[in-house]
Amino acid sequence: MSTKVWQHPYVNIFKHVRVEDWKKCSREGDVTTYMDKTLKCSVYRIRGSIPASNYILLPKTSTQSLGLTGRYLYLLFRPSPGKHFVVHLDVATEDGQVIRISFSNLFKEFKSTATWLQFPFICGAAKGSVYESTAQTARQGLVGPAPPSVRWTCLMMDLHYVLSIYLNRRHSHLKSIKLCANMSVKNMFTSDLLCDPGLTFSEARQAGVEALQGASPMPREMSFPVPKGGSWHDLYDYIRFPSDGTKMPFDSIQKGHVLRAAGAPVLPSPVRELARSVNRPRHRTPPVTASVPELGRVSSVPVGEELRESWAGGGRTTEQGAEGDSGTPLASDDGAVHVFAHRDSDITVPGHDSDTATRLLYISLHCDNLHPDPILKLNRIIGFGGCTTKCALWTKTGEAVVYPCHAVIVSMKIVSGQQRFFIGHTDKVSALAFNGNSTLLASAQTGSLSAVRVWGYQKGSCLAMFKTHAHSVSSLSFSHSGGVLCGVGKDSHGKTMVVVWNTQKVQRGGEVVVMAKAHTDVDIQAMKIAFFDDTRMVSCGRDNIRLWRVRSGALRSCPVNLGEYHCMEFTDIVFEEGHLADREPEDRTLFASSKSGHILEIDYKTVTIKNVRRLLPSQQKHSLHREKQTFSSGPGIAVNSISISSAFCATGSEDGYLRLWPLDFSTVFLEAGKKLQWPISSPLG
């Protein structure tokens, strides 16, 4: 606790390291000071054609640490017109990991790894300029060199939020800062206070505690000068990251809408909303979501005092209700959502007695968590979206089936029909996978923000979320132990991409790291990890079946010699199950299904075809002119999915039938009683 007291209310970073002495920090290349006419003070200027060779580094060496624990980092700077700049922040997490957060107008898109977040920075311009109007109408921000009219900018970065949302990490302290060419810098500071640079101390005193809602003016030594009668936002840019907006997660750093005009009341804190009266209109208007709120600072004023002050401002005092509904709020440290409703005679609701109207007094959210809107709760999903195929999974016990319905994952018990939901994806779920005992569930979403989530299936909690290197993931496969996850998708050039992740530590709160990845020109429809070896995989697709292996951080593959069957479109592939003491783990049979109805048995050890069988339509009994159907001629029934147990093989085919076979396919044990009106495409349990 003592290490944080001296950092309150803020830490002037340049003063903390005595930047003018260059003893606790270092400079490289063209770093000078000059008197800025706009700020009317001395600032540092970093210039150079190569950002990595012209910089200011705080502290001096990598073995030292700034040790700044403030939640918000404020950077007061101005990008050099027509140039690029880069900023690197090394942030330590509570578990000792160092994460690098970089932003630059050199970066074209957001990128992330387990230890590095890279954000594009979109420079603002003078109010009313052509550049500003163009940027506002552009579908995507104008990434590139700073415009000629670029202004001094106050950038506020919420370090807690960035680490939590993007990497599921908890912020500990800011370790180091590297400011690279080309830019001018006035200063930097860290704080736990949410500062509004456009708010003056006189405005803060006039607004009072209720109106401030946790915001505070900028420290005087960090503020930008504003002429008398002028507006701060007309002269400078204020960027909050994550910014106000409706898109999450935020994939670039850029200026949002102006928070407030001069003299206007400060925006309410997104964490807490005080009492207000609401008159219900005669004609209801649909609600409109203006922005996604971000976490702010919880006011240091006790909750009870806040309520009493807000009530006193309205000329009312709290009294004990007849039913015992006291105005004293509950403790807010449990992370729950509390709603206090009191009778209020001055609220008019058409068609209802005024005594039945209620007043919303207090909503408290734990500052470390984001909760969904408590007004609506998903109760049941009826039907199936139908956009995602081959994504229905059975649990190990067969008690429940798991399937996606757009961005929601549904787990439904077969006997009772009871549903529970896995909510968190922001776009269509394109792939699902269970580990061997159904304790871990992996899911991938498609779209530009392609991401993978790993869930604890029993509790429904999200254990990890990470961006994929592929633009869209079409297939996922978990190893039997749950320690390895494999995904197949497309890269930015449309080539097939295979990524293998290490998920061994995910159940203990550890991170997911990439073991290996590979780009290939071959088509992959399905990929499975061998249950006897987490480093071995098999895949199938159009004109190919391949065996894969991870070794020394590299992912290699070799094709199966298909001979005369090399022009087939293979739909699914699966390993023979069961452990036999007299056979080596590699002595297995692979079963691959195809669109032409062929089912190939492949010896995994020798990489050769053992047997080939084909599902053919039954002959027409009363056809006068029919050609005899042979194994090689005529159309077959497409087999879309195949599943193997120790004694049986189940197939799902295009004709809408589920069939159960012995492993030698000598007869059909079971066939669906009635022909379905749609093809069977989902994997079978």
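**Figure 1. Arginine 100 and its salt-bridge partner.** Arginine 100 is partly exposed, its relative accessibility being 27%. In this predicted model, the side chain of arginine 100 forms a salt bridge with aspartate 90, and the closest N and O atoms lie 2.9 Å apart. Arginine 100 belongs to strand β8 (residues 98–104) and aspartate 90 to strand β7 (residues 86–93), so the contact ties together parts that are 10 residues apart in sequence. Aspartate 90 counts as buried, with 14% relative accessibility. The salt bridges of the model number 13 in total.

**Figure 2. The salt bridge between glutamate 511 and arginine 169.** The closest N and O atoms of glutamate 511 and arginine 169 are 2.6 Å apart in this salt bridge. The pair links distant parts of the chain, 342 residues apart. Glutamate 511 is placed in the loop between β31 (496–502) and β32 (513–520), whereas arginine 169 occupies the loop between α4 (159–167) and β12 (171–180). With a relative accessible area of 10%, arginine 169 is buried; glutamate 511, at 25% relative accessibility, is partly exposed.

Figure 3. A salt bridge joins the side chains of aspartate 521 and lysine 495, at 3.6 Å from N to O. Aspartate 521 lies in the loop between β32 and β33 (526–529) and lysine 495 in the loop between β30 (484–490) and β31, so the contact connects parts that are 26 residues apart in sequence. Aspartate 521 is exposed at 69% relative accessibility, while lysine 495 is partly exposed, with a relative accessible area of 33%.

**Figure 4. Strand β16 and its pairing with β11.** Strand β16 (residues 237–241) is mostly covered, five of its five residues being buried. The cover extends to both faces of β16: Asp237, Ile239 and Phe241 are buried on one side, and Tyr238 and Arg240 are buried on the other. Strand β11 (residues 153–158) runs parallel to β16 and is joined to it by five bridges. Within this pairing, leucine 155 has isoleucine 239 of β16 as its bridge partner.

**Figure 5. The open sheet β25-β26-β27-β28.** Four strands make up an open sheet in the order β25-β26-β27-β28, and their pairing is antiparallel. The edges are held by β25 (429–434) and β28 (461–467); each has a single partner strand, so one side of each is left without a neighbour in the sheet. On average, neighbouring strands of this sheet are turned by 20° against each other, direction ignored. Strand β27 (residues 451–456) and β28 run antiparallel and are joined by six bridges. In that pairing, glycine 456 stands opposite serine 461 of β28.

Figure 6. Threonine 468 is located in the loop between β28 and β29 (472–478). Its relative accessibility of 11% places threonine 468 among the buried residues. The C-alpha atom of threonine 468 is separated by 8.9 Å from that of serine 112, although the two residues are 356 residues apart along the chain.

Figure 7. A disulfide is a covalent bond between the sulfur atoms of two cysteines. The model contains zero disulfides, the cut-off being a pair of cysteine sulfur atoms within 2.5 Å. For cysteine 195, the closest cysteine sulfur is that of cysteine 154; the sulfur atoms are 8.2 Å apart, too far for a bond. Cysteine 195 is buried at 4% relative accessibility. Cysteine 123 likewise counts as buried, with a relative accessibility of 4%.

**Figure 8. A nonpolar surface patch that includes valine 415.** Trp394, Ile414 and Val415 make a nonpolar surface patch of about 340 Å². Valine 415 sits in the loop between β23 (408–413) and β24 (419–422). The relative accessible area of valine 415 is 85%, and the residue is therefore classed as exposed, a class that requires over 50%.

Conventions: Residues are numbered from 1 along each chain as its sequence is written. This is a predicted model: local features need pLDDT of at least 70, side-chain atom pairs count only at pLDDT 80 or more; totals for chains, interfaces and linings use all residues. Side-chain values use heavy atoms; hydrogens and water are left out. Patches are made of residues with over 30% relative accessible area and no salt bridge: like charges are joined within 9 Å, nonpolar side chains (Val, Leu, Ile, Met, Phe, Trp, Tyr) within 5 Å. Accessible areas come from the Shrake-Rupley method with a 1.4 Å probe; for residues, only the protein chains shown count as cover. A salt bridge is a side-chain nitrogen of Lys or Arg within 4 Å of a carboxyl oxygen of Asp or Glu. Helices (H or I, at least four residues) and strands (E, at least two) are DSSP runs, numbered from the N terminus. Buried means under 20% relative accessible area, exposed over 50%, partly exposed in between (1.4 Å probe, protein chains only). Two strands pair if DSSP finds at least two bridges between them. Axes are lines fitted to C-alpha atoms, for helices over the stretch in contact, and angles run from 0 to 180 degrees between N-to-C directions.
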